[in-house]
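Hi everyone, thanks for coming. Let me put today's model up on the screen, and then we'll walk through it together.

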Amino acid sequence: MSEQVVQVLDWAGIVCILAGALLSFIAGIGLLRFPDLLSRMHAASKPQVLGLLLVLVGIGFRLLPVEESGVFSLGTLFLVGLFQVVTVPVAGHIVARVGYRTGRIRRDLVSTDELADRLATRGSASDPSEDTVS
Amino acid sequence: MNVLWIIIAVLLGVAALLGTVRLLLGPSILDRALSVDALLAFAVTGLGAFAAFNRDPTVLPTLLVLSLLGFVGSVSVAKFVARRTQEDDDDEQFVLPVVENTVEEEGKTS
């Protein structure tokens, strides 16, 4: 690869990694300042998906000019992104569900609560199909 | 370009510090699990920045392991919390669908 292409790839990569680090920083602030579990989850999930994908793209741009290991690196990066994208929504769903069921969310901050309506119409927790989380 | 790398490192370091403060303060164990998750994301970002800075693909398998570890950690903590709370409810022989005003004293039992 020519010198100029490598330079352009380097700049693109470092901009991506800078954006990812900025998202991590914002998530750190949000994690500290936000008032309850659900809003903290909202803040913390940004670097877990978007920030991480940006960083992986940046690593790919930086590692692409390395001749001997470029393709394997890209495969590993793709796997990391795939696992993260698949697992983060599941983990977030389970954590939020347990937080809701154990009453750790602040009711005064919730503007709409559709799950409460559903639970009220379904009846009490004697329905065993509801408690699949435990 | 070096200035940008330093900025990246400082941002990640401050983010990890803020996440650690939330990990220490966190009122419930779910907040702590969440901040550990976020700290793992910061660690993956930092290791990735390291790999990109050195053009060194050696740490990429570590990223793979960390991305799976975060899932296992937060899910197991959430399951643990759910099971313990349900056992508490069974003791009271009165189960509500949404247990409100549950004031747990974390750190005592866990």
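How many residue pairs are in polar contact between chain B and chain A, counting pairs with both residues at pLDDT 80 or more? The count is eight. Please keep in mind that this is a predicted model.

Let's look at who takes part on chain B. Helix H1 (2-25), helix H2 (29-54) and helix H3 (60-92) of chain B each give two or more residues to the side that touches chain A. H3(B) gives the most, with 17 residues. Sorted by class, that side of chain B has 39 nonpolar, 10 polar and 11 charged residues.

Now for the contact as a whole. Chain B brings 60 residues to it and chain A brings 59. For chain B and chain A, the buried area is about 5,100 Å², and carbon and sulfur atoms give 74% of that.

What about charges? The rule finds two salt bridges across this interface. In one that you can look up on the screen, B:Arg55 pairs with A:Asp10, with the closest N and O atoms 2.6 Å apart.

Next, the inside. In soluble globular proteins, nonpolar side chains tend to be buried together. Here the largest nonpolar core has 22 residues, and A:Ile17, A:Leu56, A:Ile59, B:Trp5, B:Ile8, B:Leu60 and B:Leu63 touch the most other members. At least two residues of this core come from each of H1, helix H2 (37-63) and helix H3 (70-101) of chain A, and likewise from each of H1, H2 and H3 of chain B. H2(A) gives the most to this core, with five residues.

Let's zoom in on A:Ile17. Setting aside neighbours within four places in sequence, A:Ile17 is in contact with A:Val55, A:Gly58 and A:Ile59, and also with B:Trp5, B:Ile8, B:Ala49 and B:Ala52. There is a second, separate core of 19 residues as well, and it includes A:Ile94, A:Val95, B:Leu30 and B:Ala82.

One last stop: A:Ala27, in helix H1 (residues 3-33) of chain A. Is A:Ala27 buried or exposed? A:Ala27 counts as buried because its relative accessible area is 2%, and the cut-off for buried is under 20%. Not counting residues up to four places away in sequence, A:Ala27 touches A:Ala43, A:Ala44, A:Pro47 and B:Phe42.

Definitions and conventions
Residues numbered from 1 in each chain as written. Chains lettered and ligands numbered in written order. Predicted model: local features only at pLDDT ≥ 70, side-chain atom pairs only at ≥ 80, totals over all residues. Heavy atoms only, no water. Contact = heavy atoms within 4.5 Å. Buried area = accessible area lost by both parts, 1.4 Å probe. Salt bridge = Lys/Arg side-chain N within 4 Å of Asp/Glu carboxyl O. Polar contact = N/O pair within 3.5 Å; in protein donor to acceptor, adjacent residues only side chain to side chain. Helix = DSSP H or I, 4+ residues; strand = E, 2+ residues; numbered from the N terminus. Nonpolar A, V, L, I, M, F, W, Y, C, P; charged D, E, K, R; others polar. Buried < 20%, exposed > 50% of the residue type's maximum accessible area, 1.4 Å probe, protein only. Core = buried A, V, L, I, M, F, W, Y, C linked by side-chain atoms within 4.5 Å.
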